[in-house]
Amino acid sequence: MIVNIFRKKQNYNKEEINLKHNLWRIENDLNWIFYQDVENSFDIKICLYWLDINLKNTIFPWVLKIERELKSYFIYYYKEKFKTSNSDQLLNLNNYTDLDNSKNPLKIFEEYKDMWEKTIDEVVFSLTFGQFVNLLIFFHPCIKSRIAHNLDMDLSVFINIIKYFNILRNAVAHNKTIIKIRDDKNNKRFSLKKKYFDFPIKKDEIDIISTNASGAIYVVKTFLARIDKNKKSKIFIKDVKRNFRDFYAWMNNKKEYKKIMKLIFLKYEKEIFQI
């Protein structure tokens, strides 16, 4: 198991690690850490590798729960709006917005052509998260507005967050590094909106937090808190903290640990973990 390997320091063959565990991801995607006066040693790279793996294993199940929750919200408000369990309203172009400005709704519409006999539950839960996010953004505005209101979010913030979740989910599902998150499709930084943070933070710092694990932790924690009044978010943060305790114990290098934590969390470690 990963945790056992992480907690028990072993002698590694560098070439074997490179072949078996794709260490090149750490060397390529996390070189920003080693440019910041962090010790560029093989041991620290291995520690970062296992921290990255453990964080992904911790975060992914919660992202899947959030995905299911969002799809359930959509289905509920769809049925309430159209008074039907049939998915035929997905074929009505009048239910989409921004058709002249984006090709996404048209692509969604094409994908639904063979699904018109299925229920809305079957259609929505058969979609990938990326397809669902596009549907949610461009489909009837009252549905996304109702979901945003239910989560006590401004609509623009809600749209920003679900786009972020899509990038995060893809990063984890495709074994990208989560300590450094990239939007490969657009090849650019994806920044969270300032309104989503419940502590004072500068815009340039938000841009940094948005593209590493601290942003992922904060978004999952805060979203879970909106869903169930902190019960799930407490469990999530407890699991994440265990990942970093293991990371610290295995590194056995307090000075370098502090440097890496500062690069990941800036000065907001307390606020990001706080429930």
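**Helix packing, an aromatic pair and a pocket**

In this predicted model, the axes of α5 and α8 cross at roughly 35 degrees and come within 11 Å.

User: Is the crossing in which α5 passes α8 left-handed or right-handed?
Analyst: The two axes come within 11 Å and cross at roughly 35 degrees. The way α5 passes α8 is left-handed.

User: Which residues of α8 make the contact with α5?
Analyst: By class, this contact has six nonpolar, no polar and two charged residues. On the side of α5, the residues are E67, L70, K71 and F74. On the side of α8, they are F129, F132, L135 and L136.

User: At what angle do α13 and α14 pack?
Analyst: Helix α13 covers residues 231-251 and helix α14 covers residues 254-265. α13 passes α14 in a right-handed crossing. Their axes are 9 Å apart, and the packing angle is about 145 degrees.

User: How many charged residues does the contact of α13 with α14 have?
Analyst: From α13 the contact takes F244, F247, Y248 and M251, and from α14 it takes K254, E256, Y257, I260, M261 and F265. By class, eight are nonpolar and none is polar. The number of charged residues is two.

User: Why does the pair of Y78 and F139 count as stacked?
Analyst: The structure holds 22 aromatic pairs. In the pair of Y78 and F139, the ring centres are 6.2 Å apart. Planes under 30 degrees apart count as stacked. The pair is therefore stacked, as its planes are at 25 degrees.

User: How many residues apart in sequence are the parts that the pair of Y78 and F139 ties together?
Analyst: Y78 lies in helix α5 (residues 42-82). F139 is in the loop between α8 (129-138) and α9 (141-150). The pair therefore ties together parts whose separation in sequence is 61 residues.

User: Which helix gives the most to the lining of the second largest pocket?
Analyst: This pocket has a volume of about 230 Å³. It is lined by 15 residues, and the closest to its centre are D198, Y218, K221, T222 and Q274. The helix that gives the most, with five residues at 213-228, is α12.

Conventions: Residues are numbered from 1 along each chain as its sequence is written. This is a predicted model: local features need pLDDT of at least 70, side-chain atom pairs count only at pLDDT 80 or more; totals for chains, interfaces and linings use all residues. Side-chain values use heavy atoms; hydrogens and water are left out. On a 1 Å grid over the protein atoms alone, a cavity is a set of points where a 1.4 Å probe fits but cannot get out, and a pocket is an open set with protein on both sides within 12 Å along at least five of seven lines; lining residues have an atom within 4 Å of a point. Grid points are joined across faces, edges and corners, and a volume is the space filled by probe spheres set on the points. Helices (H or I, at least four residues) and strands (E, at least two) are DSSP runs, numbered from the N terminus. Axes are lines fitted to C-alpha atoms, for helices over the stretch in contact, and angles run from 0 to 180 degrees between N-to-C directions. A crossing is left-handed if the near helix is turned anticlockwise from the far one by less than a right angle, and right-handed if clockwise. Contact means heavy atoms within 4.5 Å. Ala, Val, Leu, Ile, Met, Phe, Trp, Tyr, Cys and Pro count as nonpolar, Asp, Glu, Lys and Arg as charged, and the others, Gly among them, as polar. Rings of Phe, Tyr and Trp (its six-membered ring) pair if their centres lie within 6.5 Å; planes under 30 degrees apart count as stacked, over 60 as edge-to-face and the rest as tilted.
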